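Have a look at the structure first, then read on.

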Amino acid sequence: MRVPFEGDESPTVFAADHDGGDGPGKFNMPADVACDSQGRVYVADHMNDRLQVFDADGQFVASVGVKRPARINLHHETDEIFVFSWGLPLHMRGGGGEGRPSHVNSTLSAYNHFHLTRFSSLEDGAEEQASWDLQSVTGWRDTRANHEHDAIVDMESDPIRVWAYAPSPVGARSPSHRGILLLTLEDGEWTVKRDLLNEAVRSIVRVAPPAYFRQRLFVNPAEDGFVYLAEPGGGTDAAMGFKRLLRIDLRTGRYRHIELPMTVEDMAFSPDGFAYLKLRNMIARYDPTTWREVPFDYGEERERASTGVHSGARSAHVQSGAVFPGGGRHHGGIHVSASGNIAVSAVYGVGPDSRRDEAELHEGSGDYETRLYPGRRFGQLHGVMHVHVLDRHGQLKHVDAVPGLTQHAYGTGIDARGDVYLLEAPTRMFGGEPYFNDLTGTVMKFSPEQARMLAPSGAAVPLREMPSRPRELRSAWVEGAQWFYGGVGWSGFNAPSGPQCHCPNPRFVIDYFARSFTPEHHRYNVGVLDSNGNLILRIGQYGNVDDGEPLVKDGGPPNPRSIGGDEVALFDTRAVTTHTDRRLFISDLGNARILSVKLGYHTDELVPLKDVPDTGKPAE
């Protein structure tokens with residue numbers, strides 16, 4: 001295709017071959033195009049092992065033989081031709097069907113090399129001047145297996161040099177010369193002058209990207225100066241769990257790995273510094289200084305407790321864990337309040353065959369038995385979401401505290417008074433109309449067992465009589481919520497075209513003052529709500545890595561650019577956490593970093609505490 005650079009004309013066909021073949025003007029997987037100073041167009045005809053040259057009107061001019069051409073560079077002054085060759089996956093071209101060749105008999109072209117060939121200009125006969133095997137220089141192995149390779153000749157240098165790229169198959173800590181390389185030609189031999197991935201490994205704390213674009217951040221309030229990072233892995237399916245934490249030192253930016261006793265679905269720290277590890281159907285409590293279990297008074301023993309279901313999962317014997325029914329995928333989290341109460345989400349595995357004409361008790365047993373009332377919806381992964389509230393001893397206080405959740409809760413919170421906070425995937429509605437971004441969710445506050453949700457469809461027991469008022473959420477009526485706040489996070493399951501993957505789901509958090517910190521993905525900021533759901537502050541604005549002048553510059557970009565305001569630059573924020581009222585931590589996936597934001601007040605005042613001896617120092 002070609003399109004005028006100016007104006008708004010649609011692209012038109014420049015050259016086409018609907019039959020396949022190897023004659024002039026026929027293509028067998030065209031892989032690249034380039035134009036010379038005369039306006040001629042060069043096409044890398046990959047599976048025909050040649051370049052084809054056309055004039056500006058699309059008429060065939062010449063053919064230049066070269067093995068498996070993948071990228072064409074033309075010298076901007078001399079029109080010399082440089083061709084990179086490597087094997088490309090044949091399925092990129094497609095096979096069969098109208099307008100596509102059908103003679104594909106392999107998924108990879110039979111060429112496992114990375115080669116550069118230099119030709120004279122077309123006026124000088126396009127004669128081969130030199131040919132170099134660059135694969136032996138780069139150390140790259142199977143170049144056929146990935147079409148993400150790329151290369152370009154730097155025409156400004158003399159002698160020429162090459163920038164080349166290949167993705168790393170073995171991780172950032174042993175890159176095997178993957179990533180971006182600068183190759184230089186010295187005395188007729190190519191050498192690796194710079195290896196940008198290895199330079200990054202030496203200069204950046206951690207270069208591995210987060211799996212599934214999902215991160216979880218945690219702070220232990222009993223310590224200062226650290227944040228914990230968890231990412232999917234550890235033998236779980238669909239990015240559900242983790243078995244390792246990164247304990248990041250805020251003073252140095254360095255980290256060390258913390259191996260958890262088992263693979264978990266989520267976790268939380270309590271005010272007294274204990275780690276509460278959440279499995280699908282259990283909470284186990286540990287002292288993170290020793291990682292010895294701190295048993296619950298009201299608990300049960302379990303052998304080989306784990307969330308993992310695949311090889312690589314880790315399990316542990318639990319002496320006394322808080323056990324509840326659970327299954328399914330993507331639970332809504334766990335939170336421990338300032339008073340020590342625990343809010344924990346759980347999914348009961350209920351399938352479509354569990355639909356009933358009448359309400360009845362179903363799933364779970366004993367204290368955890370739940371009611372499938374008319375309008376109680378299945379989650380889109382065929383489960384019923386619950387939030388239970390327990391005290392610090394593991395004793396159940398509220399079962400199914402907010403009935404009718406959709407199984408897409410992206411954070412669970414509980415304040416010191418016992419009220420429950422949830423970030424639900426469904427979009428907020430206003431007067432019958434959805435929030436303008438239907439991929440966002442809604443934060444809500446409830447008093448336990450004082451609210452419920454009703455779904456117009458997808459319920460185990462159909463809703464016979466629909467409420468007469470507009471829905472509060474796109475997929476449900478909500479009865480008894482204290483307040484709603486929409487436009488939060490990102491949820492693929494809200495996509496208009498149907499449910500999409502929501503593994504990279506967000507996570508909101510509440511602090512000990514019952515303030516909600518909400519990642520607002522499309523606004524490039526974090527919203528701060530008071531306990532009544534009022535927006536009191538927005539933190540952050542759109543920006544890149546070198547935007548925003550930090551309070552502490554060490555370890556950051558060498559020349560940050562001030563953007564004003566709070567100087568917090570964000571691109572793609574999904575998860576947040578707080579250290580009480582001291583710090584906010586933001587996972588900015590788009591900029592591949594975690595930000596530490598200082599929280600302060602307009603006015604600070606030191607107030608002496610009654611009956612506390614005056615030592616001349618502020619009380620801690």
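## Terms and model

Helices (H or I, at least four residues) and strands (E, at least two) are DSSP runs, numbered from the N terminus. The model is predicted: local features need pLDDT of at least 70, side-chain atom pairs count only at pLDDT 80 or more, and totals for chains, interfaces and linings use all residues. Residues are numbered from 1 along each chain as its sequence is written, and side-chain values use heavy atoms, with hydrogens and water left out.

## A glycine in a loop

G418 sits in the loop that lies between β29 (409–414) and β30 (420–424). Is G418 buried or exposed? Its relative accessible area is 14%, so G418 is buried; buried means under 20% relative accessible area, exposed over 50% and partly exposed in between (1.4 Å probe, protein chains only).

Along the chain, G418 and A338 are 80 residues apart, while 9.9 Å separates their C-alpha atoms.

## Strand β24

β24 covers residues 342–348, and seven of its seven residues are buried. I342, V344, A346 and Y348 point one way, whereas A343, S345 and V347 point the other way.

## Its partners

Two strands pair if DSSP finds at least two bridges between them. β23 (residues 334–336) pairs with β24 in the antiparallel sense over three bridges, and A343 is the bridge partner of H335. The two strands form a hairpin with five residues between them; in the turn, G340 has a positive phi of about 95 degrees.

β27 (residues 384–390) also runs antiparallel to β24, joined to β24 by seven bridges. There, H386 stands opposite A346.
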